[in-house]
Amino acid sequence: MPSPKDVYVAVIGAGGVGKCFLSQLENLSNRLSKNPSSPKLSLVLVSRSKKTLYSQQYSALPLSNLSSSLDSSTQEHLSLPKIIEYLAAAPAKVVLVDNTSSQDVADAYPQVLAKGINIVTPNKKAFSGSYKLWQDIFTAASTSGAKVYHESSVGAGLPVISTLKELVDTGDEVTRIEGVFSGTMSFLFNNFAPTEGKGDKWSEEVKKAKDLGYTEPDPRDDLNGLDVARKLTILARLAGLQVESPTSFPVQSLIPKELESAASGEEFMERLYEFDDQMEDVKVQAEKEGKVVRFVGSIDVGKKEVKVGLEKFDRSHPIAALKGSDNIISFYTKRYGANPLIIQGAGAGGEVTAMGVTGDLIKVLERLS
Ligand SMILES: NC(=O)c1ccc[n+]([C@@H]2O[C@H](COP(=O)([O-])OP(=O)(O)OC[C@H]3O[C@@H](n4cnc5c(N)ncnc54)[C@H](OP(=O)(O)O)[C@@H]3O)[C@@H](O)[C@H]2O)c1
């Protein structure tokens with residue numbers, strides 16, 4: 001029989017973030033086990049797209065070498081509906097950790113929450129999809145009492161969502177949110193248009209970023225601006241705007257029209273140099289004004305305006321002075337006045353993203369009665 005302190009954890013997704021999360025979970029579980037009044041965590045299921053490892057009797061799976069145990073699992077792979085059925089029948093509280101970027105998993109959140117299963121996730125899809133899905137998620141959570149946290153869906157482990165929620169919940173008036181929300185775009189523009197020195201041609205900078213692993217395998221998935229638009233959708237909704245979808249406001253794509261239909265990422269990269277003049281013009285125009293160009297997202301809460309695209313900044317502006325692949329997010333509010341509350345640091349990477357997920361798990365544990 002489980003004790004009231006038992007909490008079962010199920011993890012879907014064991015890629016870059018998932019693997020780091022599993023190692024942080026082992027650490028957390030060891031730490032909690034030293035305090036008899038703490039919850040007792042048991043990992044009961046871990047799955048990837050075609051593999052599942054789980055305990056039919058809800059006993060704890062060994063946390064060490066879990067990735068290789070999952071790879072070599074010979075258990076029947078459980079579909080998402082089967083996983084939900086299995087978790088709903090668990091004889092203790094359950095936290096589902098979604099470390100995928102799957103829309104199918106995200107679409108199931110209302111059903112999962114309605115069954116009293118808590119969710120923590122870095123997956124943006126649920127919170128930046130249709131407004132109806134957003135409403136269904138929070139209605140299901142408030143009806144069942146299940147918790148849902150998604151700190152790492154914006155700015156990875158940076159405390160962006162918790163900060164915005166706290167500003168709103170404590171009655172501050174958020175007037176504007178502005179920032180660099182993509183590590184890839186940050187890296188590209190900090191090198192292409194540095195505040196000191198001169199960057200390379202645009203296609204060369206994209207190639208360098210790709211070779212260093214900063215872009216998706218097909219860089220168009222970064223350059224179309226959708227990833228940033230999804231993050232802006234989440235923040236705008238938390239700030240009180242009813243944003244219908246990440247395509248319901250202006251989003252500037254950096255993919256030349258002629259290359260939108262390129263058959264592959266390779267073909268796109270081979271032909272990108274043909275359009276270097278377009279980005280060079282933007283850079284030179286900014287330089288003439290003593291500025292640099294950056295790819296930013298902004299939300300004007302009063303005007304209900306959300307937009308994503310290129311903007312020029314004075315060289316001394318915090319957005320211009322960003323380094324490497326860091327993110328920066330500025331909250332302009334009534335309380336903070338002319339000097340915004342600024343959050344800055346690594347906005348991508350397995351360990352920092354998993355930190356946000358583990359932090360969310362800790363919040364759920366603190367709130368489970
Ligand atoms: N990486 C970052 O720096 C970062 C930063 C912020 C947020 N995030 C978010 O964190 C999440 C995970 O990112 P990642 O970099 O770890 O991705 P990843 O390396 O591609 O890993 C994704 C994992 O999810 C599994 N998966 C995908 N669809 C599934 C499904 N329907 N059912 C079960 N498993 C499924 C994959 O299975 P297979 O192993 O079988 O392919 C893989 O293990 C994403 O939502 C991403 O946007 C990542």
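You will find Asn65 in the loop between strand S3 (52-54) and helix H2 (66-71). The helices (H or I, at least four residues) and strands (E, at least two) are DSSP runs, numbered from the N terminus. Asn65 has a positive phi of about 55 degrees although it is not a glycine. For background, most residues other than glycine have a negative phi.

Before going further, a word on what you are looking at. This is a predicted model, in which local features need pLDDT of at least 70 and side-chain atom pairs count only at pLDDT 80 or more, while totals for chains, interfaces and linings use all residues. Residues are numbered from 1 along each chain as its sequence is written.

Ala156 also has a positive phi without being glycine, in this case near 50 degrees. Its loop runs between strand S6 (148-149) and helix H8 (160-169). Ala156 is buried, because 25 C-beta neighbours lie inside 10 Å.

Back beyond H2, Gln75 sits in the loop between H2 and helix H3 (80-88). With 14 C-beta neighbours inside 10 Å, Gln75 is partly exposed. Leaving aside neighbours within four places in sequence, Gln75 is in contact with Thr52, Leu53 and Tyr54; contact means that the C-beta atoms of two residues, placed from the backbone, lie within 7 Å. Gln75 and Thr52 are 23 residues apart along the chain, yet their C-alpha atoms are separated by 6.6 Å.

Now step back to the overall layout. The protein is divided into domain 1 (6-157 + 351-367) and domain 2 (160-346), with bounds that come from an automatic or database domain assignment. Their C-alpha centres lie 30 Å apart. Domain 1 gives 14 residues to the contact and domain 2 gives 19 residues. On the side of domain 1 that touches domain 2, helix H6 (125-128) and helix H7 (131-144) are the elements that give two or more residues. That side has six nonpolar, six polar and two charged residues. In this classification, Ala, Val, Leu, Ile, Met, Phe, Trp, Tyr, Cys and Pro count as nonpolar, Asp, Glu, Lys and Arg as charged, and the others, Gly among them, as polar.

What lies inside? In general, nonpolar side chains tend to be buried together in soluble globular proteins. The largest nonpolar core in this model has 99 residues, and those with the most contacts inside it are Val9, Ala10, Val11 and Val97. Such a core is a set of buried Ala, Val, Leu, Ile, Met, Phe, Trp, Tyr and Cys residues joined through C-beta atoms within 7 Å. It draws at least three residues from each of domain 1 and domain 2. Leaving aside neighbours within four places in sequence, Ala10 is in contact with Val44, Leu45, Ile83, Leu87, Val94, Leu96 and Val97.

Next comes the ligand. Its shell holds 26 residues, the closest being Gly13, Gly15, Val17, Arg48 and Ser101; a residue is near a molecule or strand if its C-beta atom, placed from the backbone, lies within 6 Å of it. Helix H1 (16-33), helix H4 (103-107) and helix H15 (350-367) each supply at least two residues of this shell, and H1 gives the most, with three residues. By class, the shell divides into seven nonpolar, 15 polar and four charged residues.

Two positions carry annotations from the record. UniProt lists Lys231 for "active site" (unreviewed entry); its positions are given in the numbering used here, feature names are shortened, and annotations may be inferred rather than shown by experiment. Lys231 lies in helix H12 (residues 226-238). Is Lys231 buried or exposed? Lys231 is buried, because 27 C-beta neighbours fall inside 10 Å. Not counting residues up to four places away in sequence, Lys231 touches Lys124, Val154, Phe181 and Gly297.

Leu232 is also placed in helix H12, and Leu232 is buried with 27 other C-beta atoms within 10 Å. Beyond neighbours within four places in sequence, Leu232 is in contact with Gly297, Ile299, Val306 and Val308.

The other annotated position is Glu216, where UniProt places the feature "binding site" (unreviewed entry). Glu216 is in the loop between helix H10 (202-211) and helix H11 (220-223), and is partly exposed, with 14 other C-beta atoms within 10 Å.

Methods. A residue is buried if 20 or more other C-beta atoms lie within 10 Å of its own, exposed if 12 or fewer, and partly exposed in between; C-beta atoms are placed from the backbone.
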